[in-house]
Amino acid sequence: MLTYRFALPVLLAVTTALSACSQEPEVDTNADLAAENEEAEIARESLNAGDFEDLELGAKIVGPQGPEVKGRLSNETGAFADITSYVACPAGMNECDPATAPEGTVYTYVHIVYPGEDNDPSTGSGNGNDASNVETTEAFRMTMPSHGFTGAAGFSYAEAANAISDRMLIVASCHENGISWTVEEGDGGDQWGQGEPITFYWQSTVPPAGPADAYEVFANYTAASGPGPYPAASDTASNACANSAVTNGDPRLN
């Protein structure tokens with residue numbers, strides 16, 4: 001009788017234990033779901049970035065500062081990058097003068113960004129010391145609307161591969177009504193850093209009205225801004241960023 005009295009509780013205990021062991025551990029999928037949603041949003045909003053080396057450009061616009069505009073991207077603590085910019089007409093145009101250019105001319109805005117430099121021969125990319133020690137640059141972007149933007153933008157694939165090992169780690173997207181190029185880490189944590197130039201470009205049907213403080217980098221986790229050629233606002237020219245559903249850019253930089 002004693003044997004039967006304890007057989008049922010023992011059986012239940014063993015069954016309960018086996019049932020508990022067979023259950024898979026609970027996994028919190030919130031973090032994974034958030035990451036997937038962020039990646040999907042970035043993919044949805046990204047532009048089809050072209051390779052700068054594939055462009056066939058004509059003459060550059062010659063302004064008061066010559067064919068190129070040099071500046072520094074800085075904030076109250078100092079300079080974090082230098083920027084050399086120019087605007088070119090399409091191939092075949094030996095002179096690029098907006099006053100005489102044919103209607104419908106597409107202008108290519110080109111920006112060469114050097115993290116850690118400031119275009120000062122005594123401290124920047126000349127023979128002197130670097131302006132600052134930039135370990136990581138997360139983004140280059142416009143801070144004002146990209147008037148006349150045709151939707152064509154990109155960067156130098158070769159320079160991107162040299163800086164961060166994989167060009168696919170740069171995503172071009174619309175940020176508000178301008179353009180943003182977001183830069184991820186490469187293999188082994190390789191980041192876009194000190195003295196590694198990358199050329200960016202975008203195309204517009206509106207010629208530059210002059211330099212404007214319309215460009216910005218995120219370097220060492222801080223924003224630094226500066227000048228570059230910038231188109232005047234137009235009542236008739238479209239803006240691919242403003243006219244599409246892609247208006248917020250990389251949500252990590254909002």
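Arg-141 is buried, with 9% relative accessible area; buried here means under 20%, exposed over 50%, and partly exposed anything in between, using a 1.4 Å probe on protein chains only. Keep in mind that this is a predicted model, where local features need pLDDT of at least 70, side-chain atom pairs count only at pLDDT 80 or more, and totals for chains, interfaces and linings use all residues. Residues are numbered from 1 along each chain as its sequence is written, and side-chain values use heavy atoms, with hydrogens and water left out.

**Charged pairs**

Arg-141 has a partner: its side chain meets that of Glu-216 in a salt bridge, meaning a side-chain nitrogen of Lys or Arg within 4 Å of a carboxyl oxygen of Asp or Glu. The pair ties together distant parts of the chain, since Glu-216 sits in strand E11 (residues 208–219) and Arg-141 in strand E6, 75 residues apart. Strands (E, at least two residues) are DSSP runs numbered from the N terminus. Glu-216 is buried as well, at 12%.

Searching the whole structure turns up 2 salt bridges. The other pair is Glu-68 with Lys-60. Here Glu-68 is partly exposed at 28%, and Lys-60 is partly exposed at 31%. In general, side chains of opposite charge can pair when their charged atoms come close.

| Salt bridge | Closest N to O |
|---|---|
| Glu-68 and Lys-60 | 3.2 Å |

**Around Ser-146**

Now to Ser-146, found in the loop between strand E6 (137–142) and strand E7 (149–155). Ser-146 is buried, with a relative accessible area of 0%. Its side chain makes a polar contact with the side chain of Asn-239 at 3.1 Å (a pair of N or O atoms within 3.5 Å; within protein, one must be able to donate a hydrogen and the other to accept it, and residues adjacent in sequence count only if both atoms are side-chain atoms). Setting aside neighbours within four places in sequence, Ser-146 is in contact with residues including Trp-202, Asn-239 and Cys-241, where contact means heavy atoms within 4.5 Å.

**The largest pocket**

The lining of the largest pocket has 16 residues, with Ile-61, Gly-63, Pro-64, Val-69 and Pro-208 nearest its centre. A pocket is an open set of points on a 1 Å grid over the protein atoms alone, where a 1.4 Å probe fits, with protein on both sides within 12 Å along at least five of seven lines; lining residues have an atom within 4 Å of a point. E11 gives the most to this lining, with 4 residues.
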